[in-house]
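Keep the structure open beside the text as you read.

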Amino acid sequence: MWEAARRTDLPLPPPYAGRPVLGGGPAPAVLHVACDGEGFARARGFTRDTLRGWSLDHCGDDAVLVVTELVSNAVKHAVPSAPAGAPEVRLGLALGRARLTLTVSDPGDNAPVFQPSDGCALREHGRGLGIVDALAEEWGWAPRPPAGKTVWATLSTRTLT
């Protein structure tokens with residue numbers, strides 16, 4: 001289970017409140033993710049296809065990696081503690097001014113745990129949010145009443161020159 005609160009040095013900006021701020025771009029894209037290997041593959045393909053449609057192929061690799069980590073955390077940590085029934089994990093992509101917002105909503109109420117690198121390159125688990133932290137401009141989470149949470153990350157859409 002996730003045990004600590006979100007990163008304290010990255011407060012959740014008020015305009016996010018768990019939802020991306022759109023800047024006149026295309027409508028957000030949403031996918032309900034099945035909690036299995038096929039669901040992960042669909043989430044990655046959905047992310048690449050959506051970014052291609054928005055002419056953001058250059059953001060694809062980083063976005064797919066962030067989505068993979070966030071969806072993986074949701075399935076591993078939030079779904080097992082979800083109330084009975086089909087747990088819902090939802091992926092959202094939203095395009096704003098010069099930034100892409102990736103969101104993953106899940107049924108868990110526990111806060112994500114960011115574990116700073118301890119220098120052990122061989123650790124198999126616990127590096128996901130470190131990867132998100134390294135790739136994202138900022139990230140955080142917000143509760144999703146009446147139950148659950150949304151974890152979000154923003155990536156720059158500017159090309160490197």
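## A cis bond in a loop

Pro146 sits in the loop that links S4 and S5. Its peptide bond with Pro145 is cis, with omega at about 10°. Please keep in mind that this is a predicted model.

The hairpin of S4 and S5 has 5 residues between the strands, and in it Gly148 takes a positive phi near 105°.

## Overall layout

The chain holds 3 helices and 5 strands. Read from the N terminus, the elements follow the pattern β-α-α-β-β-α-β-β. Of the 161 residues in the chain, 44% are buried.

The exposed surface comes to about 8500 Å², and carbon and sulfur atoms supply 54% of it. Among contacts in the chain with a separation of 6 or more, 68% are between residues 24 or more positions apart.

## The sheet

The 5 strands make an open sheet, with the order S1-S2-S3-S5-S4 and antiparallel pairing. S1 (29–33) and S4 (138–143) stand at the edges; each has a single partner strand, so one side of each is left without a neighbour in the sheet. On average, neighbouring strands here are turned by 15° against each other, direction ignored.

Let's cross the sheet from S1. S1 pairs with S2 (residues 89–96) over 5 bridges in the antiparallel sense, and Val30 stands opposite Gly92 in S2. H1 (residues 37–53) packs on the sheet, where it touches S1, S2 and S3 (99–106), and its direction makes about 170° with that of S1. S2 and S3 are antiparallel partners over 7 bridges, with Gly92 opposite Thr103 in S3. S3 and S5 also run antiparallel, joined by 8 bridges; in S5, Ala153 is the bridge partner of Leu102.

## How covered are the strands?

How many of the residues of S3 are buried? The count is 7 of 8, so S3 is mostly covered, given that buried means under 20% relative accessible area. S4 stands at an edge of the sheet, and yet 5 of its 6 residues are buried, so S4 is largely enclosed by the rest of the structure.

In soluble globular proteins, nonpolar side chains tend to be buried together. In this model the largest nonpolar core has 32 residues, and those with the most contacts inside it are Trp54, Leu91, Leu93, Leu102 and Val132. Two or more residues each come from S1, H1, H2 (60–78), S2, S3, H3 (128–135), S4 and S5 (149–156). Which element gives the most to this core? H2 does, with 7 residues.

Not counting residues up to four places away in sequence, Leu102 touches Ala63, Val66, Val67, Gly92, Leu93, Val151, Trp152, Ala153 and Leu155.

Most residues other than glycine have a negative phi, and most peptide bonds are trans. Ser55, in the loop between H1 and H2, has a positive phi of about 60° although it is not a glycine. With a relative accessible area of 58%, Ser55 is exposed.

Ala98 belongs to the loop between S2 and S3. The hairpin of these strands has 2 residues between them, and Ala98 takes a positive phi near 60° there. At 25% relative accessibility, Ala98 counts as partly exposed.

## The cysteines

Is Cys35 buried or partly exposed? Its relative accessibility is 32%, so Cys35 counts as partly exposed. Cys59 counts as buried because its relative accessibility is 5%. How many disulfides are there? The count is 0, because a disulfide here requires a pair of cysteine sulfur atoms within 2.5 Å.

Cys35 lies in the loop between S1 and H1. Its C-alpha atom is separated by 9.1 Å from that of Lys76, and the two residues are 41 residues apart along the chain.

Terms used:
Residues are numbered from 1 along each chain as its sequence is written. This is a predicted model: local features need pLDDT of at least 70, side-chain atom pairs count only at pLDDT 80 or more; totals for chains, interfaces and linings use all residues. Side-chain values use heavy atoms; hydrogens and water are left out. Buried means under 20% relative accessible area, exposed over 50%, partly exposed in between (1.4 Å probe, protein chains only). Two strands pair if DSSP finds at least two bridges between them. Helices (H or I, at least four residues) and strands (E, at least two) are DSSP runs, numbered from the N terminus. Axes are lines fitted to C-alpha atoms, for helices over the stretch in contact, and angles run from 0 to 180 degrees between N-to-C directions. Contact means heavy atoms within 4.5 Å. Accessible areas come from the Shrake-Rupley method with a 1.4 Å probe; for residues, only the protein chains shown count as cover. A nonpolar core is a set of buried Ala, Val, Leu, Ile, Met, Phe, Trp, Tyr and Cys residues joined through side-chain atoms within 4.5 Å.
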